[in-house]
Amino acid sequence: MTALKLKTVAIYDDAWSTLWVKISLLMFGIYYNLKDSIDNSFKFLDSLNKFADETQPWVTIKDDTETTKDTLYTLAEWLRQVWLNLYVFFPEKMSEMFDK
């Protein structure tokens, strides 16, 4: 792992932690708010899209397969985490997506 990779993942770890706290408070805390919970999940999906655009795994695969593997693993794990959050709201649709 390169320092840049660690830095990038750390940024997204912080983003995920912040998102998780927000969603937890909105869903299970005294601030129950379905709309904000879903909005925060989709904001995080937007940040994942930005992460993919910045890291460009379709370009790095040509020269650096290890970095590409790390990037794709990071994206897959974050997508799984978002899937878990959205499953509460859309169990049928999320199950369909997971099966594909």
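How many nonpolar, polar and charged residues are in the lining of the second largest pocket? The lining has ten nonpolar residues, no polar ones and one charged one; Ala, Val, Leu, Ile, Met, Phe, Trp, Tyr, Cys and Pro count as nonpolar, Asp, Glu, Lys and Arg as charged, and the others, Gly among them, as polar.

This is a predicted model, in which local features need pLDDT of at least 70 and side-chain atom pairs pLDDT 80 or more, while totals for chains, interfaces and linings use all residues. Residues are numbered from 1 along each chain as its sequence is written, and side-chain values use heavy atoms, without hydrogens and water.

**View 1. The chain has five helices and zero strands.** Helices (H or I, at least four residues) and strands (E, at least two) are DSSP runs, numbered from the N terminus. Of the 100 residues in the chain, 31% are buried, meaning under 20% relative accessible area with a 1.4 Å probe, protein chains only.

**View 2. The lining of the second largest pocket draws on α2 (34–55), α4 (65–87) and α5 (91–99), each with at least two residues.** The largest share, six residues, comes from α4. Among the lining residues are F42, L45, W83, M94 and F98.

**View 3. The axes of α4 and α5 come within 8 Å and cross at roughly 150°.** Therefore α4 is roughly antiparallel to α5, a term for angles over 145 degrees. On the α4 side, W83, L86 and Y87 meet P91, M94, S95 and F98 of α5, where contact means heavy atoms within 4.5 Å. The residues of this α4 and α5 contact comprise six nonpolar, one polar and no charged.

Note on methods: On a 1 Å grid over the protein atoms alone, a cavity is a set of points where a 1.4 Å probe fits but cannot get out, and a pocket is an open set with protein on both sides within 12 Å along at least five of seven lines; lining residues have an atom within 4 Å of a point. Axes are lines fitted to C-alpha atoms, for helices over the stretch in contact, and angles run from 0 to 180 degrees between N-to-C directions. Angles under 35 degrees count as roughly parallel, over 145 as roughly antiparallel, 65 to 115 as roughly perpendicular and the rest as oblique. Buried means under 20% relative accessible area, exposed over 50%, partly exposed in between (1.4 Å probe, protein chains only).
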